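Subject: Structure for your study

Dear colleague,

Please find the structure below, together with its sequence. My notes on what was found in it follow, and I would ask you to read them with the structure open.

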Amino acid sequence: MSAAKQLPRWADLTLLPVIGLVAALLVSGGVIALLGESPAQALKLMVSGAFGTQDAIGYSLYYATNFIFTGLAVAVAFHAGLFNIGGEGQAYIGGLMSGLVCLALGHWPFWAVLPAAVVAGAAGGAAWAFIPAWLQAKRGSHIVITTIMFNFIASSLMTYLLVNVLIKPGQQSPETREFSGSTVMPAAHELLARIGITFTPSPLNLAFGLALAASVLVWIFLWRTRWGYELRVTGQNPAAAVYAGISPPRVIVAAMLLSGALAGCLGLNELMGSQHRIVIDFPAGAGFVGIAVALMGRNHPVGIFFAAVLFGALYQGGSQLSFDMPKINRDMVVVIQGLVILACGAMENLFRVPLAALFGAFGGAVPPPRDRAGEGTRPPAGKQS
Amino acid sequence: MTAPALELRDVDKRFGAVHANRAIRFAVTAGSVHGLIGENGAGKSTLMNIVYGFHRADRGEIRVHGRPVEIHRPHDAIAAGIGMVHQHFMLVENFTVLENVVLGVEGGPILAGRLAHARAELEKLARDYGLEVPLDTAVGTLPVGLQQRVEILKALYRGAEILILDEPTAVLTPQEADQLFKMLGRLRAQGKTVILVTHKLREIMAITDRVTVMRQGAVVAEIETKATSPRELAEKMVGRSVLLQVEKGAACPGAPLLVARDLEVPDDQGVPRVKGVSFELRAGEIVGLAGVSGNGQSELLEALAGTRAPSRGEILFQGRNLVADALGPRERRHLGLAHVPEDRLRFGVVAAFAAQYNAILGYQDRPEYNRGLLTNEAAILAGCERKMAKFDVRPPNPRQRFSSFSGGNQQKLVIARELDGDPAVLLVGQPTRGVDIGAIEFIHQRLVALRDAGKALFLVSVELDEILALADRILVINNGEIVGELARAEATEEKLGLLMAGVREGRG
């Protein structure tokens with residue numbers, strides 16, 4: 001019996017992540033001070049590095065685009081009760097498919113390449129998610145284990161393909177030839193220039209718009225269609241789903257296909273938008289950051305957007321910081337990111353409990369715990385272990 | 001006169017705007033069984049949670065054997081000799097009984113000595129109170145009744161003189177409940193004090209010496225059990241007079257609507273739980289299925305509803321054979337077969353969703369709730385308001401989280417949902433489990449009204465009183481077989497009891 005008090009919804013959605021972020025920054029500041037640098041100066045450098053100039057903003061949002069795709073992927077699976085750790089591999093294979101479309105259809109106009117690349121990327125990611133999904137649905141193989149395994153398989157497969165098959169002849173680095181100009185995602189500064197706005201060149205590109213569109217579509221799907229409803233019912237209570245005539249194995253497969261498809265769109269930003277070729281290890285951990293983004297964003301597209309921007313800013317601001325403060329190297333930046341994940345995800349209850357108590361002390365919006373007497377409807381605890 | 005074992009003086013507790021306990025005065029005589037009764041939300045669990053240290057009272061004093069005590073956490077309560085057995089057990093299923101009892105009081109890093117000591121102690125407790133439990137069996141493999149016994153042993157092993165039991169019979173069969181009451185009798189005889197928190201009048205009448213009635217956070221009566229009656233207690237709980245017996249006229253059964261033939265249904269392990277059951281449900285009658293819990297009722301109900309596949313037999317409904325055609329729950333609902341599951345929180349709802357989204361569960365694909373590819377939010381909301389109004393669900397707020405409704409209002413919403421599509425046959429399992437008296441009366445009246453409107457009802461309940469109150473015809477199930485069929489007029493508790501125990505007429 002835990003007499004846990006509940007936080008008001010708004011505090012759960014906004015206050016808690018902000019407190020977690022502040023705590024992570026305070027600890028990071030301590031570490032930076034230990035290294036002999038000024039934490040205030042570091043924070044200033046980081047914020048200006050992420051948002052100080054137009055191209056800084058461009059870079060931050062460019063990174064955020066990757067995290068929106070992978071964050072949405074994790075969230076969709078999560079609502080179906082599945083923990084998809086395989087975003088990295090799904091993004092890798094999805095990107096491969098998008099990239100192959102760009103290589104093959106170099107002579108097509110962009111408006112024809114774009115839908116083909118989107119479909120190919122989504123299909124590639126979905127295909128990579130399908131086998132773990134099918135194994136989970138039919139054989140009960142745990143999705144966490146199988147998706148992790150599939151990350152490794154994807155990584156090995158891509159290394160093989162890039163080193164032995166797709167590599168541009170006559171060069172050492174494992175990457176393909178460059179995409180032709182008509183298959184490259186229009187950059188944000190080019191698009192903005194067309195409507196008369198000058199913006200410093202940055203890798204930010206049309207894929208950011210696609211990520212926002214995907215966010216809206218995911219929201220509509222999850223909360224405004226009966227399939228999304230059935231997916232969420234299955235995630236919350238599989239037994240009730242069966243009772244309602246929903247087939248959990250089908251939902252599991254469908255949710256994972258959708259999740260994989262979202263992760264598979266990462267190549268649209270990373271390859272078509274920035275690298276303009278297929279390079280080795282282009283997801284660069286974005287699949288895993290997506291887990292943190294979904295966690296911090298409460299598995300809601302709006303939250304995911306803000307969390308993705310935060311992590312994009314940490315990436316961009318962090319690399320600026322390591323550039324300006326030699327004592328703080330890349331690894332220190334990873335430490336800061338790790339602390340944010342720790343504070344906002346893993347240690348959330350550290351802040352939730354006292355915060356709830358604080359709200360409780362000031363009365364008001366806290367709903368009272370119900371008198372649970374007489375509710376003989378639950379089985380003895382732990383029967384499903 | 002000796003001091004009461006437990007005395008509460010003016011205990012007061014607020015949660016925000018809710019005044020959960022109002023200046024409670026409560027005294028329990030040492031060596032007695034004291035009942036604490038009230039509807040859901042009356043504040044009895046809050047009060048017991050204050051005594052056990054889960055909540056702190058805003059004001060007031062707790063005295064144990066006349067001495068004032070400060071209870072800030074369960075540890076303090078245990079030190080004061082208070083033990084609590086929760087409705088939902090707090091046991092580690094993979095651990096043996098012995099390990100569970102010792103858990104938390106190991107007293108050092110080396111277990112062996114403590115375990116040996118505990119074993120001797122538990123064997124003594126088992127002898128003294130008739131609490132035999134196999135000490136070396138994993139708790140998860142024990143039946144529910146024995147798991148509860150382990151909880152009681154845990155409390156006694158920690159030196160409890162005052163034992164609080166929160167809704168102890170909610171998970172028990174009638175037989176297990178009787179055993180529990182015998183056990184409580186023995187505890188009383190040995191001088192222990194027992195507080196029984198319940199909303200079941202029968203239990204209060206059967207075992208307690210005195211009873212305290214709570215309503216809306218306040219104590220409204222404290223009475224000698226001998227000097228009161230179930231009717232009086234019910235009235236004090238609800239605050240108005242209550243019909244304990246449903247008023248209903250004679251049934252006039254019509255044509256058979258649903259026919260089950262030679263059904264065999266396996267459980268998850270593939271063991272047949274229903275063995276060749278045949279029966280029919282006629283329009284305008286309520287057929288009750290009586291039996292000790294775990295004799296195949298749940299599997300039979302699930303097979304009829306389509307959530308569990310029979311291994312043999314047929315179910316004929318609306319000119320179709322539901323088994324051969326492999327129709328799932330969705331198709332069966334479309335044909336007019338509605339189902340109120342036995343365990344609503346586990347099977348019938350998504351507790352974390354708002355009421356309005358629970359009010360369409362199973363009906364989410366109906367055209368009225370959809371507009372093209374999208375859901376029709378306005379229709380879902382309006383539909384929920386309509387269902388809530390029809391069944392007097394309180395508060396009538398479709399946006400409120402389902403889990404924050406009381407048990408009775410949850411059940412009313414589930415029944416309202418299942419009746420909204422105007423089904424021909426209603427399967428209903430444990431319709432009033434975890435439901436307070438006022439709502440029981442309402443639900444029973446609605447079920448009878450449904451019968452009178454020419455529907456067929458199949459009622460599965462472990463409460464024999466409920467079967468006797470509602471059913472026109474009673475089937476008795478034992479070990480997966482129908483061992484008897486009685487018209488309501490010829491059914492008595494004794495006859496049913498014998499049949500439920502597997503004693504067949506003419507053989508036993």
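In chain B, strand E7 (residues 162-166) is joined to strand E8 by five bridges, and the two strands run parallel. Within this pairing, B:Ile162 stands opposite B:Thr193 of E8(B). Please bear in mind throughout that this is a predicted model.

Strand E8(B) also pairs with strand E3 (residues 33-37) of chain B, again in the parallel sense and over five bridges. Here B:Val33 has B:Val194 in E8(B) as its bridge partner.

Is strand E8(B) largely enclosed by the rest of the structure, or is it open? Six of the six residues of this strand (residues 193-198) are buried, so E8(B) is largely enclosed. Both of its faces are covered: B:Thr193, B:Ile195 and B:Val197 are buried on one side, and B:Val194, B:Leu196 and B:Thr198 are buried on the other.

The domain assignment divides chain B into domain 1 (6-238) and domain 2 (256-500). The C-alpha centres of these two domains of chain B lie 33 Å apart.

Strand E11 (residues 256-266) and strand E14 (residues 312-317) of chain B are paired in the antiparallel sense over five bridges, and B:Ala260 stands opposite B:Ile315 in E14(B).

I turn now to chain A, and to a pair of packed helices. Two packed helices are described by the angle between their axes and the distance between the axes. For helix H3 (residues 54-79) and helix H11 (residues 248-264) of chain A, the angle is about 175° and the axes are 7 Å apart. H3(A) is therefore roughly antiparallel to H11(A).

Which residues of the two helices meet? From H3(A) come A:Phe69, A:Thr70, A:Leu72, A:Ala73, A:Val76 and A:Ala77, and they meet A:Ala255, A:Met256, A:Leu258, A:Ser259, A:Leu262 and A:Ala263 of H11(A). The residues of this contact between H3(A) and H11(A) comprise 10 nonpolar, two polar and no charged.

Yours sincerely,

A colleague

Methods: Residues numbered from 1 in each chain as written. Chains lettered and ligands numbered in written order. Predicted model: local features only at pLDDT ≥ 70, side-chain atom pairs only at ≥ 80, totals over all residues. Axes fitted to C-alpha atoms, helices over the stretch in contact; angles between N-to-C directions. Helix = DSSP H or I, 4+ residues; strand = E, 2+ residues; numbered from the N terminus. Parallel < 35°, antiparallel > 145°, perpendicular 65-115°, else oblique. Contact = placed C-beta atoms within 7 Å. Nonpolar A, V, L, I, M, F, W, Y, C, P; charged D, E, K, R; others polar. Domains from an automatic or database assignment. Buried ≥ 20, exposed ≤ 12 C-beta atoms within 10 Å, placed from the backbone. Pairing = 2+ DSSP bridges.
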